[in-house]
Amino acid sequence: MDAGLFACDECESATDVAADKIVAMRTLLLRCWVSAALLCSACGEDATGSSAGGAGAAMGGGAGQGTSASGGSAGTSSSGGAAGTSSSGGAAGTGAGGGTAGSGAAAGGDGGVAPETSIISGPSSPTIDSHAAFELAADRPATFECDVDGAGWRDCASTAFFTDFAPGSHMVEVRARDAQSGVVDPTPAGHTWVVSSIFADPHLGLTPGSPTPQPDPDGGSFRIKCEVSHYAYDDPIVFPDEPGRAHLHMFLGNVDVVASSTGESLLSSGETTCAGNPLNRSSYWIPSLLRPLYEAGGARMLDSDGNPAYSIVEPLSGPEATDVYYKSGTDDLGAIQPMPLGLRMIAGDGGAAAPQTNQIVRWSCESTVIASADDFLPHVPACAPGDLVRLTITFPNCWNGVDLDMPDHKSHMDYPTWDPARGIHCGASHPVTLTAVSYNFAWRVTAGNVGPSGDSSDWRLASDKYTESSTTPGGLSAHGDWFMAWHPEVMQAWIDECIRAGRHCAGGDLGNGWNMNGHQPGPPRPLPAVKNRGLGPG
């Protein structure tokens, strides 16, 4: 009998050891089984064809702690409740009454030892979340591969994040690959869970009983209100991971947005100040609107650095809070697609010192009678106390279908074009039609926020890098940033029932009998100091 067979026979005899010597038996089993796999492989025999299920049960000390060689069967598994997680070498539940993760190692057919894979954490079940975050581990240095709902194996990180899970049952399997030998765990760990429909299991962000929306003569539209969430010298699109680098922005939507925010972090965390709360964790921001400060005698007040002092002008709130529109933007309503998670873009030119087109940026006073587009202004208007300063920013809605962002944060998007045959449509370079996002802000002019001029003509934006004058008023650099993080099921509802149906859905009405709950103010925070005319530290 050669060495490999002898080692295998010794392992089999070890299974008859008395129960009072179970600890010694486990040690011997592990030593013999691994030795057998290595030796049998070395002498041309495939030890991986032998079942190690019995060894798994003995080694694990209970259900869900099996040890498996490649090609063999793992030890018995433990049901984990609604959300189940299995570990390499056995099965273990992470739901109610979850079992214990498997232990041990499997011999690879090439003579190496396969790593053991464990899922440390995964989504709970049931959940309304369309995303799933996993924490993965192995018993030695390894990389990971994941199979999501049977779509095939692909590389994944030890902190894996997946999106776009529709209502229903889902499963993710994970296997570790030894970092040195490349041997793959033959018994992947798995996690199952159920995603519930936000409509079948009503969420706190929804209220039933909305009225049927009316036809929209301009195509289709969906409108929500958003409050200010916070002010900060951050810009996660232009200056990611560089806190304090940007000019002073006014943020709406997700309250947790910082310079390091990503599509994943937006979707998975943060209360919001928009209707529907966590059903729309998108972020919207523009440069802050500022007014100059004056001494009692009319002289310009200076800040602590000797620069002209400014104060933030806050927009309307409550029932008059900012409107965010999602409109059809093109004539073929059926071509409009959902927006991909993590899509980000900028509308307008933050470096402009000359008028921009009023198709993108338009200012006006509430009292102004708008007879045509020519009645809008490219800069902050001179509105008297009691009036409103209004600003509308319109984003492009034609996407190249590939990039979520580009270095200039614009080239992956484009505005639609028109021709007699197709009407308003997206061109060949950016063929994917999305909804057109627009911001509609309003600031009230009062006797307390105007200077010697008696109106808002000396207001400016924090992004204005030029010196304002009567010929170059403030506000020429108006622009907006948008970062997508809608719950996909609720987004699909307003696209189908409002945009594609050619109806006007106001106040968070989804057009399907459900309404997104009202907006809410952001957490109380002191207004930041206006540094360097709002341009920040420079």
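A disulfide here is a pair of cysteine sulfur atoms within 2.5 Å. By that rule, a search of the whole structure finds five of them. Before you start clicking, note that this is a predicted model, where local features need pLDDT of at least 70, side-chain atom pairs count only at pLDDT 80 or more, and totals for chains, interfaces and linings use all residues. Residues are numbered from 1 along each chain as its sequence is written, and side-chain values use heavy atoms, with hydrogens and water left out.

**Stop 1: the cysteines**

Select Cys226 and Cys274, whose sulfur atoms are 2.0 Å apart in a disulfide. The torsion about their S-S bond is about 110°, so this disulfide is right-handed. Cys226 belongs to strand E14 (residues 221-226), while Cys274 sits in the loop between helix H4 (263-268) and strand E17 (283-287), so the pair ties together parts that are 48 residues apart in sequence. Helices (H or I, at least four residues) and strands (E, at least two) are DSSP runs, numbered from the N terminus. Both Cys226 and Cys274 are buried; buried means under 20% relative accessible area, exposed over 50%, and partly exposed in between (1.4 Å probe, protein chains only).

Next, pick Cys398 and Cys426, joined by a disulfide with 2.0 Å from S to S. Here the torsion about the S-S bond is about -80°, so the disulfide is left-handed. Both Cys398 and Cys426 are buried.

Now move to Cys498 and Cys505, where the sulfur atoms of the disulfide are 2.1 Å apart. This link is left-handed too, with -100° about the S-S bond, and both Cys498 and Cys505 are buried. If you number the bonded cysteines of the protein chain in sequence order, the pairing reads 1-2, 3-4, 5-6, 7-8, 9-10.

**Stop 2: the aromatic rings**

Rings of Phe, Tyr and Trp (its six-membered ring) pair if their centres lie within 6.5 Å; planes under 30 degrees apart count as stacked, over 60 as edge-to-face and the rest as tilted. The count comes to 16 aromatic pairs. One of them is Phe165 with Trp193, an edge-to-face pair at 5.1 Å centre to centre and 75° between the planes. Phe165 counts as buried at 5% relative accessibility, as does Trp193 at 1%.

Then select Phe222 and Tyr326: their ring centres are 6.5 Å apart and their planes at 40°, so the pair is tilted. Phe222 lies in strand E14 and Tyr326 in strand E20 (residues 322-327), so the pair ties together parts that are 104 residues apart in sequence.

For a group view, show Tyr284, Trp363, Phe395, Tyr439, Phe441 and Trp443, which form one aromatic cluster.

**Stop 3: charges over rings**

A charge sits over a ring if NZ of Lys or CZ of Arg is within 6 Å of the ring centre and within 35 degrees of the ring normal. Select Arg300 to find its charged end over the ring of Tyr294, 5.4 Å from the centre. Arg362 lies over the face of Phe376, 4.2 Å from the ring centre.

**Stop 4: the largest pocket**

Finish with Lys327, Gly329, Thr394, Ile424 and Ala436, which lie nearest the centre of the largest pocket among its 24 lining residues. On a 1 Å grid over the protein atoms alone, a pocket is an open set of points where a 1.4 Å probe fits, with protein on both sides within 12 Å along at least five of seven lines; lining residues have an atom within 4 Å of a point. Strand E29 gives the most to the lining, with four residues.
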